[in-house]
Amino acid sequence: MCSSDLGVPNENDQAMEVEPELKPTQQGGKQRVFDKSDLKVAERHQQDNSVPIQPLTNGKLRYEIRRLFENSGYDDWSINKRSGTLNVKALHRVNESTRVFKRHQEVEGIDSAVVILVDVSSSMLNRIDETRSAAAALYQTLSAAGVAVAVVAFDDYATVQAPFGTPVAKAVDAISRLMVCGSTEDYFAIRLAHEMLLARHEQRKVVLSLTDGEGRISDARNQVEIGKRLGITTIGIGIQADVQRVYPNAIRIDDLADLGNASFKQIKLAA
């Protein structure tokens, strides 16, 4: 349903209370500041049928993501301990074991919020299967790590496919329906992601952009720098492409297996 006549979301669909300070950009010899008319409803980028997502079973991705966000806090209960809070579910084993307690472990860390940008422009046609699978794997992994995640797709326009708080299954279904069309308006997509993150309370704010980097290179790169000054880290994940000319913080993956094996060590996050 790639059509530009789909409307914008309601005011309550996505909070964008704080705007970065942006200069108007040149387009067709005229200055233009993007506004909500460039934000369409999710259906613009969705086809009727979902596409099977290739599963990513490599545990290396989970390890790398956990390391990338290793300062994030967590709250956990460890059961079958010798001391702690009484675990009533283990009382039937009292004659067999003394390990009938559960211990509460809470670590205060840096809360994180991430917006995953998915490039669905026409130049991604031969990359879309890997891109969908990579986006789904990142959403699942980040959610499991306790990170707040949202998904935005973009071509000429941007669409919020999964707002913050979307259940994993629903988000993955939306990702599996993504289709390609249009040109690459990456500048506005990055700007929108920055706006979404500026409205969040988390201390660490990150954008992960899955793209081939073939959009408005200069404007997009400038917006990445603006985000940096606002405390937002923007990372390019090049799908079969080197995207460092847009994203100084970047890695490249040539197939889905590379996402699991990729080293995120060179990526720097603002604490």
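Predicted model: local features only at pLDDT ≥ 70, side-chain atom pairs only at ≥ 80, totals over all residues.
Residues are numbered from 1 along each chain as its sequence is written, and side-chain values use heavy atoms, leaving out hydrogens and water. Local features need pLDDT of at least 70 and side-chain atom pairs 80 or more, while totals for chains, interfaces and linings use all residues.

Let's start with α1 (residues 59-68) and α2 (residues 128-144), whose axes sit 10 Å apart at an angle of about 55°. Helices here are DSSP runs of H or I with at least four residues, numbered from the N terminus; axes are lines fitted to C-alpha atoms over the stretch in contact, with angles from 0 to 180 degrees between N-to-C directions. The two helices are therefore oblique, the label for whatever is not under 35 degrees (roughly parallel), over 145 (roughly antiparallel) or 65 to 115 (roughly perpendicular). L61, R62 and I65 of α1 meet A137, L138, T141 and L142 of α2, where contact means heavy atoms within 4.5 Å.

Now for α4 (residues 186-198). Its 13 residues reach 18 Å from first C-alpha to last, close to the 18 Å expected at 1.5 Å a residue, with the expected span being 1.5 Å times one less than the number of residues. All 13 of the 13 residues are buried, so α4 is largely enclosed by the rest of the structure; buried means under 20% relative accessible area with a 1.4 Å probe, protein chains only.

Its partner is α5 (residues 217-229), packed at about 15° with the axes 8 Å apart. That makes α4 and α5 roughly parallel. D186, Y187, I190, R191 and H194 of α4 touch D219, A220, Q223, V224 and G227 of α5.

Notes
Buried < 20%, exposed > 50% of the residue type's maximum accessible area, 1.4 Å probe, protein only.
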